[in-house]
Amino acid sequence: VVTVQSLGGTGALMLGAALIKKAGFGGGVIFVPDPTWGNHHQIFEEHGFKVESYPYYRSDTRRADSKAAKAFFEGLCQNSVVLLHTVCHNPTGADFSMKEWRDIAEIFRERRLVPFFDFAYQGFKEGIEADREPMKLFIENGCYVLIASSFSKNASLYSKRTGALTVVAGSEGEASKVEGALKRVARTRYSNPPSDGALIVREILRSDELRKLWEEEVSQMRERIKETRRRFALELKKLGLDGSFVTDQHGIFSYTPLTPSEVQELEERGVFMLPSGRISIAGLNIRNIPTVAKHIAEVSKGWPKI
């Protein structure tokens with residue numbers, strides 16, 4: 001295993017893109033979920049990849065479509081590179097279950113596929129340790145694994161650009177070669193990342209007292225988001241709308257059934273989200289949830305009713 005510091009999670013994705021391009025994995029193609037974080041396409045296209053999508057989300061159930069994804073993975077060629085959101089999928093908030101992850105990890109082992117995990121929200125689903133479990137399945141299956149980690153959200157270091165790329169190779173010798181390649185990639189792009197954010201994280205992780213405090217604070221953030229989801233779903237229910245999918249999803253974001261025209265109408269009322277209908281759950285609070293839910297109920301034509 002080799003880990004290098006990066007310029008946030010975005011920088012880790014960029015380093016990983018450069019590494020797999022140099023190594024020749026994937027034949028110049030990377031597969032990303034549909035939908036995915038918008039920047040994924042730009043990052044990999046900038047490194048000369050053809051970015052193709054695999055089925056991930058079902059708008060009718062508001063859940064991750066593991067059946068379609070597994071069927072797609074089973075048809076991929078050896079050494080194909082697949083981007084996976086570990087937890088708290090952005091933008092939908094819909095994740096695979098652990099059973100589904102086990103099935104997918106087995107397909108990756110059999111097909112010898114290369115998983116590239118975007119791990120931007122560690123601790124925001126179930127906990128710091130629990131949120132690592134999907135990736136461990138692939139490592140235990142002997143896959144070559146890339147992991148782009150970010151401390152922007154879970155350590156409140158967004159402006160410090162603190163992240164890391166971790167690569168699990170097949171041997172110590174391979175890991176050493178990977179480390180050398182990554183150092184060359186970083187050197188030619190930005191030389192060295194700033195150290196202050198990484199030193200903050202190191203200080204926290206090396207101290208039992210500080211780590212305990214940090215994990216408690218991450219837990220508070222996670223529970224606050226879960227409670228916000230619960231309250232939002234309850235308020236929607238009061239207005240006759242089915243918000244059960246909101247509590248089924250995880251993390252900061254949720255995909256809603258709102259159309260671009262309905263989002264525009266909401267903006268005129270002072271409620272803001274992306275045209276796709278992705279709403280920031282973390283932007284809701286006890287005071288504004290009733291107002292947001294009321295406006296949604298008034299403008300939405302296609303939101304499922306109870």
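Where is the place of serine 156? Select serine 156 in the viewer: this residue sits in the loop between β8 and β9. The element names follow DSSP, with helices (H or I) being runs of at least four residues and strands (E) runs of at least two, numbered from the N terminus.

Two remarks apply to the whole tour. This is a predicted model, in which local features need pLDDT of at least 70 and side-chain atom pairs count only at pLDDT 80 or more, while totals for chains, interfaces and linings use all residues. Residues are numbered from 1 along each chain as its sequence is written, and side-chain values use heavy atoms, with hydrogens and water left out.

**Stop 1**

Remain at serine 156, whose phi is near 50°, a positive value in a residue other than glycine. Its relative accessibility is 60%, so serine 156 counts as exposed. The terms are as follows: buried means under 20% relative accessible area, exposed means over 50%, and partly exposed lies in between, with a 1.4 Å probe and protein chains only.

Next, select serine 191, in the loop between α6 and α7 (196-206). Here phi is near 65°, again a positive value in a residue other than glycine. Serine 191 is partly exposed, with a relative accessible area of 28%.

**Stop 2: two cis peptide bonds**

Select aspartate 34 and proline 35, which are joined by a cis peptide bond with omega of about 5°. Proline 35 is found in the loop between β2 (29-34) and α2 (38-46). Then select asparagine 90 and proline 91, where a cis peptide bond has omega of about 25°. Proline 91 belongs to the loop between β6 (81-85) and α4.

**Stop 3: the nonpolar cores**

In soluble globular proteins, nonpolar side chains tend to be buried together. A nonpolar core is here a set of buried Ala, Val, Leu, Ile, Met, Phe, Trp, Tyr and Cys residues joined through side-chain atoms within 4.5 Å. Select Phe73, Leu84, Phe108, Phe138, Phe232 and Ile296, the residues with the most contacts inside the largest core, which has 65 residues. Helix α8 supplies the largest share of this core, six residues. Apart from it lies another core, of 30 residues, including Met14 and Val114.

Which residues does leucine 84 contact, leaving aside its neighbours within four places in sequence? Among them are Tyr54, Phe73, Trp101, Phe108 and Phe138; contact means heavy atoms within 4.5 Å.

Now move to isoleucine 296 in helix α11 (residues 289-299). With 0% relative accessibility, isoleucine 296 counts as buried. Not counting residues up to four places away in sequence, isoleucine 296 touches Phe232, Leu236, Leu241, Leu258, Leu266 and Trp303. Isoleucine 296 and leucine 258 are 38 residues apart in sequence and 8.3 Å apart in space, C-alpha to C-alpha.

**Stop 4: aromatic pairs**

Rings of Phe, Tyr and Trp (its six-membered ring) pair if their centres lie within 6.5 Å; planes under 30 degrees apart count as stacked, over 60 as edge-to-face and the rest as tilted. By this rule the count comes to 15 aromatic pairs. Select phenylalanine 73 and phenylalanine 108, an edge-to-face pair at 5.3 Å centre to centre with 80° between the planes. Phenylalanine 73 lies in helix α3 (residues 66-73) and phenylalanine 108 in helix α4, so this pair ties together parts that are 35 residues apart in sequence. Both phenylalanine 73 and phenylalanine 108 are buried.

Select tryptophan 101 and phenylalanine 138 next: their ring centres are 6.0 Å apart and their planes are at 75°, so the pair is edge-to-face. This pair links helix α4, which holds tryptophan 101, with helix α5, which holds phenylalanine 138, 37 residues apart. Tryptophan 101 counts as buried at 2% relative accessibility, and phenylalanine 138 counts as buried at 0%.

**Stop 5: the largest pocket**

A pocket is an open set of points on a 1 Å grid over the protein atoms alone where a 1.4 Å probe fits, with protein on both sides within 12 Å along at least five of seven lines; lining residues have an atom within 4 Å of a point. Select Phe119, Gln122, Arg132, Ser149 and Thr166, which lie nearest the centre of the largest pocket among its 19 lining residues. The elements that give two or more residues to this lining are α5 (133-140), β8 (145-150), β9 (162-168) and α8 (208-238).
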